[in-house]
Amino acid sequence: MNDSEFFTFHHLGVAVRSIEKALPSYEKLFGYRLLSGPFRDPIQRVSVCFLGRGEGGDITIELVEPADEDSPVGKLLDKGAGAYHLCYEAADMDEALRRVADQGCIIVAKPAPAVAFGNRRIAWFYTPARQLIEVLERSL
Amino acid sequence: MNEEILARVRRIAATLFDVPAAKITAETSPATMEAWDSVQQLNLVLELEQSFGVKLEPEEIDELRSIGDAVRLIEAKRVG
């Protein structure tokens with residue numbers, strides 16, 4: 001299986017100060033609707049929700065709000081971050097992390113269950129091209 | 001502390017943070033270097049891994065709090 005089959009795109013992560021304040025502009029300007037959430041994730045120290053338009057080829061957007069003052073996402077927002085991560089699904093988390101390590105990526109966070117995905121595990125890595133990527137386990 | 005490794009790490013950090021190498025010491029940390037934020041922390045780790053041929057664990061990346069920490073980590077991994 002090549003990498004295009006192994007990893008499938010899941011969503012684009014966008015850091016926002018407030019989901020409540022950010023949501024209306026996505027709904028009114030672009031016609032997005034709330035797909036799920038908000039969920040509070042104590043491990044990642046964020047609240048997240050997912051938006052979509054249900055149109056063919058369109059992507060899911062994850063709005064990510066810092067849950068406390070020390071949240072890593074809050075620090076990113078201090079620097080002006082908007083869209084800051086891509087998420088890909090993979091059937092085999094261990095194999096996914098082996099593949100990214102082989103490509104010179106650094107594993108930023110080991111797999112941990114995520115409330116927003118029904119406790120499916122997520123992990124984080126950073127590519128040599130300086131892009132933050134989330135890996136989502138396809139099933140429990 | 002290994003002076004050769006320290007000198008190389010100082011040069012890498014100076015380039016990354018866009019400051020003269022003389023401004024980087026073993027004590028330089030995110031608290032003393034404004035440009036050293038969470039994203040630059042990851043960029044620093046990328047540069048160190050590529051330059052020294054080492055791999056850092058997520059816990060080691062979290063605990064890397066100064067240039068001296070980076071030097072000690074690289075030293076330990078090269079010995080190991």
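Which helix of chain A gives the most to the lining of the largest pocket?

1. Ground rules. This is a predicted model, where local features need pLDDT of at least 70, side-chain atom pairs count only at pLDDT 80 or more, and totals for chains, interfaces and linings use all residues. Residues are numbered from 1 along each chain as its sequence is written, chains are lettered from A and ligands numbered from 1 in written order, and side-chain values use heavy atoms, leaving out hydrogens and water.

2. The pocket. The answer is helix α3 (residues 72-78), with five residues; helices here are DSSP runs of H or I, at least four residues, numbered from the N terminus. The largest pocket holds about 1,400 Å³ of space. Its 46 lining residues include Pro72(A), Val73(A), Val108(A), Ser38(B) and Asp62(B), the closest to its centre. (A pocket is an open set of points on a 1 Å grid over the protein atoms alone, where a 1.4 Å probe fits, with protein on both sides within 12 Å along at least five of seven lines; lining residues have an atom within 4 Å of a point. The volume is the space filled by probe spheres set on the points.)

3. Rings. Tyr26(A), Phe30(A) and Tyr32(A) are linked into a cluster by ring pairs (centres within 6.5 Å; planes over 60 degrees apart count as edge-to-face). Phe30(A) and Tyr32(A) pair edge-to-face, 6.4 Å centre to centre with 75° between the planes.

4. Charge over ring. The charged end of Arg53(A) sits over Tyr32(A), 5.1 Å from the ring centre (CZ of Arg within 6 Å of the centre and within 35 degrees of the ring normal).

Methods:
Rings of Phe, Tyr and Trp (its six-membered ring) pair if their centres lie within 6.5 Å; planes under 30 degrees apart count as stacked, over 60 as edge-to-face and the rest as tilted. Helices (H or I, at least four residues) and strands (E, at least two) are DSSP runs, numbered from the N terminus.
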